[in-house]
Amino acid sequence: MALQQTLVLIKPDGVARGLTGEITKRFERIGLKIVALKLVRVNMDHAKQHYTEDITERHGEKVRDNLLNFITEGPVVAMILEGVDAIANVRKIVGSTESKSASPGTIRGDFSHVSYSHADEKEIPVKNVIHASADETDAKNETALWFSIDEICDYKRTDECHVF
Ligand code: CDP
Ligand code: MG
């Protein structure tokens, strides 16, 4: 069994649009457990540790710069979710990166619609509401970057008897 923890960020657009409850509900209702949660304003140093040079390698310098400005422009909600195969389950609920291509029913598909080409033309990032760790390595690094051990709570959900 792969019991995993993964990092989710509700990005500044999601917080500013008042989507925190709507988004969090979608994870809770499938049984994923919130083990850490906070509202934070991100400084540039922290942002660069989150969106590393890996973004430049995959998408180019301009996308990373836009993304760093975006993630520091307003508060974000950070949370760690725990559950069986939590990383893949969260990514499934989040949907594809490009909002235009994200399926209805996913968070990105239901709450955003912009295409890469529109974002590039306007020189803005794709404001796709939410971030989720991509794989086990990212989940390990990102949960440690955003939360200290004493901010993570160990408790039982009453519905865990249906999982374990
Ligand atoms: O967030 P996700 O893991 O799905 O995608 P990513 O490839 O790790 O990219 C990180 C973020 O960069 C995306 O969520 C978008 O907000 C942004 N991005 C963008 O603005 N323009 C692109 N061409 C690609 C990504
Ligand atoms: Mg990513």
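Where is Asp 85 found? In this predicted model, Asp 85 sits in the loop between strand 3 and helix 6. Asp 85 is not a glycine, yet its phi is positive, at about 50 degrees. With a relative accessible area of 37%, Asp 85 counts as partly exposed, because that class runs between 20% and 50%.

A second residue of this kind is Glu 123. Its phi, near 55 degrees, is a positive value in a residue other than glycine. Glu 123 belongs to the loop between helix 8 and strand 4. Its relative accessible area is 49%, and Glu 123 is therefore partly exposed.

The buried residues of helix 6 are Ala 86, Ile 87, Val 90, Ile 93 and Val 94. Because these residues cover an arc of only 135 degrees around the axis, they are on the same side of helix 6. An α-helix has 3.6 residues a turn, so residues three or four places apart point the same way. Ala 88 and Lys 92 are exposed on the other side of helix 6. The buried residues of helix 6 pack against strand 1 (3-10), helix 2 (20-29), strand 3, helix 7 (107-111), strand 4 and helix 9. Just after helix 6 comes Gly 95, with a positive phi of about 90 degrees.

Which residues of helix 9 are buried? They are Ala 139, Glu 142, Thr 143 and Trp 146. Their arc around the axis is only 100 degrees, so they are on the same side of helix 9. The face turned away from this buried side carries Thr 137, Lys 140 and Ala 144, which are exposed. The cover over the buried residues of helix 9 includes strand 1 (3-10), strand 2 (33-40), helix 3, strand 3, helix 6 (86-94) and strand 4. At the N-terminal end, helix 9 is capped by Asp 135, which has a side-chain oxygen 3.3 Å from the backbone nitrogen of Thr 137.

Helix 3, part of the cover over helix 9, contains His 46. Is His 46 buried or exposed? His 46 has a relative accessible area of 19% and is buried, because the cut-off for buried is under 20%. Apart from neighbours within four places in sequence, His 46 is in contact with Leu 145 and Trp 146. Trp 146 is itself among the buried residues of helix 9.

Ala 47 is also found in helix 3. Its relative accessible area is 1%, so Ala 47 is buried. When residues up to four places away in sequence are not counted, Ala 47 touches Val 42, Leu 68, Ile 71 and Thr 72. For Ala 47 and Thr 72, a separation of 25 residues in sequence goes with a distance of 7.0 Å, C-alpha to C-alpha.

The largest pocket has a volume of about 800 Å³. Its lining has 32 residues, and those that lie nearest its centre are Tyr 51, Ile 55, Arg 58, His 59 and Leu 67. The elements that each give two or more residues to this lining are helix 3 (44-50), helix 4 (53-59), helix 5 (61-71), helix 8 (116-122), strand 4 (130-132) and helix 9 (136-146). By class, the lining divides into 12 nonpolar, 9 polar and 11 charged residues.

His 59, one of the residues nearest the centre of the largest pocket, is in helix 4. His 59 is partly exposed, with a relative accessible area of 41%. Its side chain makes a polar contact of 3.5 Å with the side chain of Arg 58, another of the residues nearest the pocket centre. His 59 and Pro 104 are 45 residues apart in sequence and 25 Å apart in space, C-alpha to C-alpha.

The second largest pocket has a volume of about 220 Å³. It is lined by 14 residues, with Gly 31, Glu 82, Gly 83, Val 84 and Val 163 the closest to its centre. Strand 3 (residues 76-84) gives the most to this lining, with 3 residues. In this lining, 6 residues are nonpolar, 3 are polar and 5 are charged.

Definitions and conventions
Residues numbered from 1 in each chain as written. Chains lettered and ligands numbered in written order. Predicted model: local features only at pLDDT ≥ 70, side-chain atom pairs only at ≥ 80, totals over all residues. Heavy atoms only, no water. 1 Å grid on protein atoms, 1.4 Å probe; cavity = no way out; pocket = protein on both sides within 12 Å on 5 of 7 lines; lining within 4 Å. Points joined across faces, edges and corners; volume = space filled by probe spheres on them. Helix = DSSP H or I, 4+ residues; strand = E, 2+ residues; numbered from the N terminus. Nonpolar A, V, L, I, M, F, W, Y, C, P; charged D, E, K, R; others polar. Buried < 20%, exposed > 50% of the residue type's maximum accessible area, 1.4 Å probe, protein only. Contact = heavy atoms within 4.5 Å. Arc of directions from axis to C-beta. Polar contact = N/O pair within 3.5 Å; in protein donor to acceptor, adjacent residues only side chain to side chain.
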